[in-house]
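Dear colleague,

The findings follow directly after it.

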Amino acid sequence: MDFFDVVQSRRSIRSFLDKPVEADKLHQLLEAVNRAPSAGNLQAYEIFVACDAQRRAALAHASLGQSYVASAPVALVFCAHPQRSATRYGERGARLYAVQDATIACTYAMLAATALGMASVWIGAFSDQQVWQAIGSPEGLEPVAILSVGYAAEQREPSRRRPLNTIVHYLD
Ligand SMILES: Cc1cc2nc3c(=O)[nH]c(=O)nc-3n(C[C@H](O)[C@H](O)[C@H](O)COP(=O)(O)O)c2cc1C
């Protein structure tokens, strides 16, 4: 799939088929994530892969009851690793770069899912503490985003966007 077709066709999908994600596809997606840029190439994030139904149910509960987190066959939890970035970049690394690194990684995963014929939805509304506990309370990590991934059980037209001229400001 051409990159611009991926960008045009991607939608947030909240209804998934009862069909697992093949291990090789998941691996391909994660390899794509691992090509994401990061501050100083430190990759100050960690990814937790939840395929187990009970674990996904716990993540759905932690995500204010968003049931599609449980019904999608895979949930990827992207966590910032502030200390990893702080070793080189101090407070700015801990506060900003680690979160940006994790966010870019999640974006790569989202686009890779589409390119591989799958669908996803980015989950940002969750209890940090409950998500952290659901992934085993990893010390020093901060959940930034959950990406639910699977095969779409719905099709959606392109979503509306602000007109470019209200977003983009060309400077003299
Ligand atoms: C930072 C962020 C947080 C989001 N949180 C949620 C969420 O908690 N639940 C949800 O269903 N969708 C969530 N979304 C998906 C957005 O609702 C969606 O991207 C937006 O409505 C545009 O629709 P589209 O992705 O289909 O183009 C989130 C997206 C982003 C980027």
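This is a predicted model: local features need pLDDT of at least 70, side-chain atom pairs count only at pLDDT 80 or more; totals for chains, interfaces and linings use all residues.

Leaving aside neighbours within four places in sequence, S148 is in contact with F16, Y68, V69, A72, V74, A75, A119, S120, V121 and I123, where contact means heavy atoms within 4.5 Å. S148 belongs to strand β4, which covers residues 142–150; helices (H or I, at least four residues) and strands (E, at least two) are DSSP runs, numbered from the N terminus. With a relative accessibility of 0%, S148 counts as buried. For this term, buried means under 20% relative accessible area, exposed means over 50%, and partly exposed lies in between (1.4 Å probe, protein chains only).

Residues are numbered from 1 along each chain as its sequence is written, and side-chain values use heavy atoms, with hydrogens and water left out.

The chain as a whole

The chain contains seven helices and four strands, and their order along the sequence is α-α-β-α-α-β-α-β-α-β-α. The radius of gyration is 17 Å, close to the 16 Å that the globule rule gives for 172 residues, so the chain is as compact as a globular protein of that length. This radius is taken over C-alpha atoms, and the rule is 2.2 Å times the number of residues to the power 0.38. Along its principal axes, the C-alpha trace spans about 50 × 45 × 30 Å.

Of the 172 residues in the chain, 39% are buried. Among contacts with a separation of 6 or more, 78% are between residues 24 or more positions apart. The accessible surface of the chain comes to about 9,900 Å², and carbon and sulfur atoms hold 51% of that surface. Accessible areas come from the Shrake-Rupley method with a 1.4 Å probe, and for residues only the protein chains shown count as cover.

The ligand

Which residues come nearest to the ligand, of the 13 around it? They are R11, S12, R14, Q66 and S159; a residue is near a molecule if one of its heavy atoms lies within 4 Å of it. The shell around the ligand divides into five nonpolar, four polar and four charged residues. Here Ala, Val, Leu, Ile, Met, Phe, Trp, Tyr, Cys and Pro count as nonpolar, Asp, Glu, Lys and Arg as charged, and the others, Gly among them, as polar. Strand β3 (residues 119–123) gives the most to this shell, with three residues.

An N or O atom in the side chain of R11 is 2.6 Å from an oxygen atom of the ligand, and a polar side-chain atom of R10 lies 2.9 Å from an oxygen atom of the ligand. From the backbone, an N or O atom of W122 lies 3.0 Å from a nitrogen atom of the ligand. The protein covers 62% of the 620 Å² of accessible area that the ligand has on its own.

Individual positions

P73 sits in the loop between α4 (68–71) and β2 (74–80). Its relative accessibility is 13%, so P73 counts as buried. Beyond residues up to four places away in sequence, P73 touches F16, K19, P20, V21, A50, C51, R56, V149 and G150. P73 and S148 are 75 residues apart in sequence, and their C-alpha atoms are 7.7 Å apart in space.

Most residues other than glycine have a negative phi. N41, although not a glycine, has a positive phi of about 55°. N41 lies in the loop between α2 (23–33) and β1 (45–50) and is exposed, with a relative accessible area of 58%. L64 is likewise not a glycine and has a positive phi of about 55°. L64 is in the loop between α3 (53–62) and α4, and at 64% relative accessibility it counts as exposed.

P37 is also found in the loop between α2 and β1. P37 is partly exposed, with a relative accessible area of 45%, and it touches I104 and Y108, not counting residues up to four places away in sequence. G140, in the loop between α6 (128–134) and β4, is partly exposed at 49% relative accessibility. Neighbours within four places in sequence aside, G140 is in contact with A80, H81 and P82.

With kind regards

How values were computed. A polar contact is a pair of N or O atoms within 3.5 Å; within protein, one must be able to donate a hydrogen and the other to accept it, and residues adjacent in sequence count only if both atoms are side-chain atoms.
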